[in-house]
Amino acid sequence: MVLFVLERVSRHSVAESWRRLTDWPRHADVVPLTRVTVRTPAPTRRGTVFVARSGLGPLAFDDPMEVVAWSPPGDGGPGTCRLVKRGTFVTGWAEFEVHPADGGGSRVLWREDLNVRGLPAFTDRPLGGTARWMFGRAVDGLLGLG
């Protein structure tokens with residue numbers, strides 16, 4: 001199991017950063033070899049389910065996720081979202097908060113608890129480093145920071 005936290009500051013408003021982070025199909029634009037399908041009707045809310053399919057051919061796997069907490073930003077306040085990974089291969093949760101940043105823009109906090117079934121505990125450290133790098137690149141891409 002790997003737990004990591006990312007923090008990013010964006011020039012975008014809280015509402016725009018929130019919109020970019022919660023455009024689930026757009027995540028496929030920043031995660032290589034991945035496509036995202038939303039399985040529930042719009043708009044996103046508690047109970048929304050989407051699936052990220054990553055990999056090629058027989059080496060691909062599904063990463064189904066469900067939105068279990070959904071509080072969009074409003075009246076200048078933060079927004080929060082929590083996802084639970086419901087897959088058989090990748091499990092855990094992710095949550096992010098989008099806050100107003102000092103001096104304008106927004107500040108994003110992303111927390112993730114990631115477990116890949118079948119991997120022994122000694123792989124946690126390299127998995128954590130890889131996940132932190134990969135999710136950091138994805139958040140940067142979604143926010144237009146890269």
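Modeller: One term to begin with: a residue is buried under 20% relative accessible area, exposed over 50%, and partly exposed in between, using a 1.4 Å probe and protein chains only. This is a predicted model, where local features need pLDDT of at least 70 and side-chain atom pairs count only at pLDDT 80 or more, while totals for chains, interfaces and linings use all residues. Residues are numbered from 1 along each chain as its sequence is written, and side-chain values use heavy atoms, with hydrogens and water left out.

Colleague: Fine. How many salt bridges are there in the whole structure?

Modeller: A search finds 11. The term means a side-chain nitrogen of Lys or Arg within 4 Å of a carboxyl oxygen of Asp or Glu.

Colleague: What does Asp-140 form a salt bridge with?

Modeller: Its partner is Arg-8, and their closest N and O atoms are 2.5 Å apart. Asp-140 lies in helix H2 (residues 124–143) and Arg-8 in strand S1 (residues 2–10), so the pair links parts 132 residues apart in sequence. Helices (H or I, at least four residues) and strands (E, at least two) are DSSP runs, numbered from the N terminus.

Colleague: And which residue does Glu-16 bridge to?

Modeller: Arg-20, with the closest N and O atoms 2.9 Å apart. Both are in helix H1 (residues 14–21), and being four residues apart puts about one helical turn between them.

Colleague: Is Arg-20 buried or exposed?

Modeller: Arg-20 is buried, at 16% relative accessible area. Glu-16 counts as partly exposed, at 23%.

Colleague: What about Arg-86, where does its salt bridge go?

Modeller: To Glu-66, with 3.1 Å between the closest N and O atoms. Arg-86 sits in strand S5 (residues 79–86) and Glu-66 in strand S4 (residues 61–71), so this pair ties together parts 20 residues apart in sequence. Arg-86 is partly exposed at 48% relative accessibility, and Glu-66 is also partly exposed, with 23%.

Colleague: Changing topic. In what order do the strands of the sheet run?

Modeller: Seven strands form an open sheet, ordered S1-S7-S6-S5-S4-S3-S2, with antiparallel pairing. S1 and S2 are the edge strands, each pairing on one side only. Neighbouring strands are turned by 20° against each other on average, direction ignored. Two strands pair if DSSP finds at least two bridges between them. Axes are lines fitted to C-alpha atoms, for helices over the stretch in contact, and angles run from 0 to 180 degrees between N-to-C directions.

Colleague: How many bridges join S3 to S4?

Modeller: Six, and the two strands run antiparallel. Ala-52 has Asp-63 as its bridge partner in S4, and Ser-54 has Phe-61. S3 and S4 form a hairpin with six residues between them, and Gly-55 in the turn has a positive phi of about 115°. On the S2 side, strand S2 (residues 34–38) pairs with strand S3 (residues 49–54) over five bridges, again in the antiparallel sense.

Colleague: Last one. Which strands does H2 lie across?

Modeller: S1 and S7, running at about 25° to S1. H1 lies across S1, S4, S5, strand S6 (90–100) and strand S7 (106–116), at about 160° to S6. Contact here means heavy atoms within 4.5 Å.
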